[in-house]
Amino acid sequence: MPATVRRIRADEWSLVRTLRLDALRDPAAPLAFLESYDDAATLPDEFWQARAAGSADGDHAAQLVAIDDDRWVGSTTALVQRSGTQDHHGRLIARSRPVLVGVYVRPSHRGTGVVGDLIEAAADWCRERGFTELVLNVHRDNHRAVAAYRRAGFVPSGLEFTGVIGPEIEMVRPL
Ligand SMILES: CC(C)(COP(=O)(O)OP(=O)(O)OC[C@H]1O[C@@H](n2cnc3c(N)ncnc32)[C@H](O)[C@@H]1OP(=O)(O)O)[C@@H](O)C(=O)NCCC(=O)NCCS
């Protein structure tokens, strides 16, 4: 049976932590995520409780998870960046827009279409909130991720920059 995708619940904060820490230990993590395993592993329970609560309800963020036979096998979060704030790279956001972050699929479920289902669920959530475009940033050399995003309808916007983890490209997809 294919994995099902749904938004997390606030009381699932410990599953959120486990999946995130596993993602940060993935060999691809240095090209994929802005924080290190060592930093994330020391965060207190309250951090994960707040993160889960913030992306389980409301219009600021939505974390989607793929679940196969009760096991969390992948995730992504749609995060609304408000105009006038700064993004994770310290760049000023000119107009409010949703960005896709934290894209991760466990090795056991790569190549199964789970990443596409996660992206579609995130895109639906953004569309329901009136947004017409979804963006993401990806390391230039994360070829597998770039290929997966292209298949999901993202194209390079032309913006390239040096971020926390090195050279990144922005990709965008209409909703
Ligand atoms: C990125 C990720 C979510 C993609 O999910 P996935 O299930 O692996 O993606 P898929 O296998 O469906 O698609 C990947 C594409 O890359 C291709 N690919 C596979 N291995 C590759 C490699 N080493 N180099 C380049 N392309 C590769 C696949 O053939 C596929 O291309 P296609 O759609 O043209 O056939 C997953 O690999 C992952 O979690 N990686 C670690 C974390 C990460 O990098 N996250 C992204 C942060 S921006």
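View 1. A backbone N or O atom of Gly111 lies 2.8 Å from an oxygen atom of the ligand, in a predicted model for which local features need pLDDT of at least 70, side-chain atom pairs count only at pLDDT 80 or more, and totals for chains, interfaces and linings use all residues. Residues are numbered from 1 along each chain as its sequence is written, and side-chain values use heavy atoms, with hydrogens and water left out. Taken alone, the ligand exposes 950 Å², of which the protein buries 71%; accessible areas come from the Shrake-Rupley method with a 1.4 Å probe, and for residues only the protein chains shown count as cover.

**View 2. The shell around the ligand.** The ligand is surrounded by 18 residues, and the closest are Val103, Val105, Gly111, Arg144 and Arg151; a residue counts as near a molecule or strand if one of its heavy atoms lies within 4 Å of it. Strand S4 (97-105) and helix H6 (143-151) are the elements that give two or more residues to this shell, and H6 gives the most, with seven residues. Helices (H or I, at least four residues) and strands (E, at least two) are DSSP runs, numbered from the N terminus. By residue class, the shell divides into 12 nonpolar, three polar and three charged residues, where Ala, Val, Leu, Ile, Met, Phe, Trp, Tyr, Cys and Pro count as nonpolar, Asp, Glu, Lys and Arg as charged, and the others, Gly among them, as polar.

**View 3. Strand S4 and its pairing with S3.** Strand S4 is mostly covered, with seven of its nine residues buried; buried means under 20% relative accessible area, exposed over 50%, and partly exposed in between (1.4 Å probe, protein chains only). S3 and S4 pair in the antiparallel sense over seven bridges, two strands being paired if DSSP finds at least two bridges between them. Within this pairing, Val105 in S4 is the bridge partner of Gly74, and Val105 is also listed among the closest residues to the ligand. Arg97 is found in strand S4 and counts as buried at 19% relative accessibility, while its side chain makes a polar contact of 3.3 Å with the side chain of Glu170. A polar contact is a pair of N or O atoms within 3.5 Å; within protein, one must be able to donate a hydrogen and the other to accept it, and residues adjacent in sequence count only if both atoms are side-chain atoms.

View 4. The phi of Asp69 is near 55 degrees, a positive value in a residue other than glycine, and Asp70 has a positive phi of about 70 degrees although it is not a glycine. For context, most residues other than glycine have a negative phi. Asp69 is exposed, with a relative accessible area of 73%, and Asp70 is exposed with 74%. In the loop between strand S3 (71-81) and S4 lies Asp87, which is buried at a relative accessible area of 9% and whose side chain is joined to that of Arg91 by a polar contact of 2.8 Å.

**View 5. Strand S5 beside S7.** Five of the seven residues of strand S5 (residues 133-139) are buried, so this strand is largely enclosed by the rest of the structure. Seven bridges join S5 to strand S7 (residues 166-174), and the two run antiparallel, with Val138 standing opposite Ile169 in S7. Val135 is found in strand S5 and is buried, with a relative accessible area of 5%; Val135 and Arg173 are 38 residues apart in sequence and 6.5 Å apart in space, C-alpha to C-alpha.

**View 6. The setting of the close-ups in the protein chain.** The protein chain has six helices and seven strands, which follow the pattern β-α-α-α-α-β-β-β-α-β-α-β-β along the sequence. With 175 residues, a compact globule would have a radius of gyration near 16 Å, and the 15 Å of the protein chain agrees with this; the radius is taken over C-alpha atoms, and the globule rule is 2.2 Å times the number of residues to the power 0.38. The C-alpha atoms fill a box of roughly 40 × 35 × 35 Å, taken along the principal axes, and buried residues make up 45% of the 175 residues in the protein chain.
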